[in-house]
Amino acid sequence: MKITPIIGLEVHVELATKSKMFCGCDASHFHAEPNTHTCPVCLGLPGALPVPNKVACEWCIKLGLALGCSINQETFFERKNYFYPDLAKSYQITQLQKPFAINGKITINGHEIRINRAHMEEDTGKSVHVNDSTLLDFNRSGVPLVEIVSGPDIKSAEEAKEYLNKIQQIIRYIGVSDADIEKGSMRCEPTVNLCIDDQYYTPLAEIKNVASLTGVMNAINYEIKRQSEQFEIDHQEKNSTNKTTRGWNAEKSETFLQREKEGSADYRYFPEPDIPPIIFTPEQIEAIKATLPELPDDKINKYKSYGLSDYDANQLADDKSFSEIFDKIVTQNDPGYAKFVTNLLIGPLKTISIEIEKINPEYFKKLFDKKSELSSTAIKDIILESYQTNQDPIAIATQKNLFQVSDTGALEKIAQQVIDANPKAVADYQKNPLSIGFLLGQVMRASGGSANPQLAKEVLEKLLSI
Amino acid sequence: MNLNQLTLAQAKEGLAQKKFSSSELVSACLDQIKKTEPQLNSFVTVFEKEALDQAKNADLSKPLGGIPLAVKDNFLTQGQRTTASSKVLDQYLAHYDATTIERLKSAGAIIIGKTNMDAWAHGSSTETSDYGSTKNPWNINHLPGGSSGGSAAAIAADQAIISVGSETAGSIRQPASWCGVVGFKPSYGRVSRYGVIAMKSSTDSPGPICKTVDDAATLLEIMSGADHHDATSISEASWVRPVKLASLQGLKIGLPLSYFPPQIQPEVKSSILAAVETLKKLGAEIIELPDVLDPKYSIAVYTILQRSEVSSNLARFDGIRYGHDRSFFGQEAKRRIMLGTYSLSSGYYDAYYTKAQKVRTLICQDFDRQFQKVDAIIGPVSPSTALPIGASEGQAMFGEIQDMLVEPSSIAGLPGISIPCGFDQNNLPVGLQIITPQKREDLVYQIAKLFEDNTEYHLQRPKL
């Protein structure tokens with residue numbers, strides 16, 4: 001039986017705007033005292049009206065642009081009607097017919113994954129279950145959410161993870177959310193089914209309540225296994241009414257049936273009469289586009305053009321502020337220098353948290369120019385100290401006498417002294433040239449570590465061969 | 001003459017000249033309420049003590065300082081019972097003031113009570129109120145109209161000096177017409193909807209119901225203006241009444257023939273035609289409009305859109321909050337919720353909701369076309385004068401039929417007014433409506449004001 005998983009992901013991202021989507025309440029809710037960030041609007045009180053948050057709309061467009069989407073210049077909000085205790089108005093304001101952004105794509109290892117849409121909506125409140133009671137916290141009610149819907153293009157749990165990593169990276173790059181899955185500011189709902197033997201399609205299952213990246217992968221893998229086993233038993237194929245919603249039990253590591261016949265759910269969408277259509281002119285959209293930073297893919301391509309490896313380029317681009325530090329130091333295509341700086345940044349400087357303001361590009365350049373006269377250990381120590389004390393690295397090297405002695409005359413003098421003082425070691429060397437290590441160590445020690453090891457070895461060999 | 005019988009302009013003058021105090025004015029209204037409420041039932045709640053307390057400290061320098069105001073019970077008034085005449089909200093105390101209430105309070109108005117209405121504003125009779133029907137002060141065997149029937153009756157019966165109501169399709173103009181008072185329905189968005197319990201969000205328009213055109217204009221000046229709490233509010237400063245006209249010379253006023261349907265009451269027709277003569281004498285050129293879209297289409301459009309929005313707007317009263325559960329909804333609300341839920345359901349949405357929106361566009365375009373020929377349109381507000389108590393029972397479409405002549409302009413978001421223009425043989429008032437293009441309240445005011453200055457219908461009071 002040939003099994004091809006077909007996976008689509010719905011990602012909800014809470015925007016980090018100051019205020020909520022339709023009122024002036026503080027939009028932060030993590031660990032806030034319940035029901036303290038509320039007002040008539042987000043409590044859905046009688047007579048209250050939603051007024052859209054302009055910044056949130058702009059950020060939704062920005063996110064859409066970063067995902068390669070086209071932007072609908074004229075959009076509108078709609079009401080999605082359904083009952084839930086933590087849904088204050090008994091409808092959610094969202095977008096169905098005209099999302100802000102449509103038809104984007106991102107590429108994972110050369111495989112294109114379509115982004116069908118990115119639309120703007122509001123979050124619901126939270127039901128907190130305590131013993132037999134349910135408490136309602138409306139702090140989250142009305143927090144701006146962008147829903148990003150991928151095409152059914154993802155082929156494996158691993159690829160789903162990479163897709164989510166990429167989305168998260170892009171969101172963090174443009175700074176519209178911290179996109180933290182554990183904190184709930186980014187939430188994912190995979191929809192999974194299988195293509196069996198290139199001709200049968202199993203019923204769709206949408207998986208809810210997945211609260212971690214590992215959870216997403218485990219849930220998808222579980223579902224792939226469950227559906228293929230189920231298909232062997234009942235040969236049931238997907239149709240318009242047999243989509244199900246399944247919950248994810250992280251403890252048992254299994255999905256369980258929540259709702260059947262999802263196809264028949266009727267949310268009675270209609271245009272939100274309280275909010276006039278939203279219009280962004282091409283100029284306004286261009287202005288938003290102009291605020292986009294260089295995105296991860298662009299960075300990676302640029303770094304590769306500097307001659308850096310895939311690994312190095314990805315390491316540097318992984319985090320926006322980190323890549324900005326690199327960009328501050330390396331401003332043009334200079335492969336040798338780029339590699340030198342990369343090694344320092346993902347080496348010694350990665351062990352401490354560095355701030356871009358404290359980075360002096362000139363110091364890196366100076367160190368690079370002198371690198372042949374310094375041992376690699378010395379370079380690491382110098383750059384750390386230079387960063388921490390804001391001192392010229394050359395001054396540090398000089399002061400600590402770290403420049404390697406490359407003067408043959410001076411080295412010969414030291415080497416001769418070592419040879420004279422260690423007749424036994426010399427004898428050993430005569431029998432076995434590989435035992436030069438001891439003598440070399442003595443030369444290095446006598447030079448206070450400043451001898452160029454390669455040169456010292458050559459000098460020793462020359463003197464011993466006489 | 002008792003103080004409660006004064007117009008706003010007269011009351012302000014009297015207060016300013018210290019002929020009487022705000023306490024005396026408020027007391028006069030409260031006395032009238034005590035005397036007439038057993039018959040009329042205009043109020044759901046009366047705030048006797050609060051009103052008297054506020055009257056003691058009234059700031060007479062404010063535009064409505066010390067003036068007793070009656071408020072339709074779908075406006076939220078902070079800390080006070082606000083029911084929209086539905087038992088679902090029987091014990092609900094509003095958490096905040098509607099924008100309009102905030103503005104009227106800052107202008108010094110004293111809320112003496114919340115007026116009766118059709119529950120959730122569903123109707124044109126007040127008979128769907130869970131607190132019993134209001135009676136028409138001109139004849140207590142007749143209906144006051146609705147849904148702002150309590151406010152219109154309170155003004156007609158001099159229970160308050162000024163009042164506010166809200167219109168979605170006729171709910172200000174029709175009761176004003178049946179009660180012989182002035183009801184000014186502004187353009188959609190002219191007055192903020194924030195804090196008014198939503199009925200049909202896309203046409204809900206709060207507005208004044210008063211004794212004279214100038215009184216209504218004074219209230220509209222205070223109530224109007226952009227509100228950052230309402231995304232559909234017109235982003236302009238407060239409306240200010242224009243200067244009065246000496247004549248209507250040069251104005252073209254349209255008379256749509258379709259606004260005189262076959263079932264129209266003869267005295268309504270004759271009163272309107274008499275009003276036409278008055279307007280002609282004042283210099284207006286009256287132009288018959290033979291091709292105005294039949295108002296019956298508006299009934300269908302309104303019915304679908306209103307029910308659809310209602311089904312969504314009332315969903316928040318889910319039994320978890322606000323005290324009472326959904327079994328407390330009356331028959332009318334249940335009917336509307338069910339029909340609206342149906343018309344929004346998948347498979348029916350396009351056939352009903354989408355189609356209704358398309359016809360709505362046609363109605364708006366029809367007005368645009370007519371307003372290329374005329375500056376304003378006049379007609380009867382209602383095909384009849386006040387109908388007897390019980391007329392709405394068993395008539396699911398009662399409101400739509402009674403409001404058919406005001407529904408088109410409501411659907412198009414246009415401003416309009418109802419002013420007294422005659423009486424039938426039973427001495428029940430007839431209302432004339434004046435409609436203009438959007439945001440032309442200035443023209444509504446000018447025509448209404450000149451008509452009122454040259455007629456005496458508004459001076460007649462019911463005998464109670």
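Predicted model: local features only at pLDDT ≥ 70, side-chain atom pairs only at ≥ 80, totals over all residues.

Biologist: What is the order of the strands in the open sheet of chain B?

Modeller: Strands of a sheet pair through backbone hydrogen bonds, either parallel or antiparallel. Strands here are DSSP runs (E, at least two residues; helices are H or I, at least four), numbered from the N terminus, and two strands pair if DSSP finds at least two bridges between them. In chain B, eleven strands form an open sheet with mixed pairing, in the order β1-β3-β2-β4-β6-β5-β10-β11-β9-β7-β8. Its edge strands, β1 (43-46) and β8 (285-289), each pair on one side only.

Biologist: Which strands are joined to β11(B) by bridges?

Modeller: β9 (residues 376-380) of chain B runs antiparallel to β11(B), with four bridges; there, B:Ile377 has B:Ile435 as its bridge partner. β10 (residues 416-423) of chain B is also antiparallel to β11(B), with seven bridges, and B:Ser418 stands opposite B:Gln433. B:Ser418 is also the bridge partner of B:Gly183. Five residues separate β10(B) and β11(B) in a hairpin, where B:Asn427 in the turn has a positive phi of about 60°.

Biologist: Which way do the residues of β11(B) point, and are they buried or exposed?

Modeller: In a regular strand the side chains alternate between the two faces of the sheet. A residue is buried if 20 or more other C-beta atoms, placed from the backbone, lie within 10 Å of its own, exposed if 12 or fewer, and partly exposed in between. B:Pro429, B:Gly431, B:Gln433 and B:Ile435 point one way, B:Val430, B:Leu432 and B:Ile434 the other, and all are buried.

Biologist: Why is β11(B) described as largely enclosed?

Modeller: Seven of the seven residues of β11(B) (429-435) are buried, so the strand is largely enclosed by the rest of the structure.

Biologist: How many residues does each chain bring to the contact?

Modeller: Two residues are in contact if their C-beta atoms, placed from the backbone, lie within 7 Å. Chain A brings 24 residues and chain B 29 residues.

Technical notes: Residues numbered from 1 in each chain as written. Chains lettered and ligands numbered in written order.
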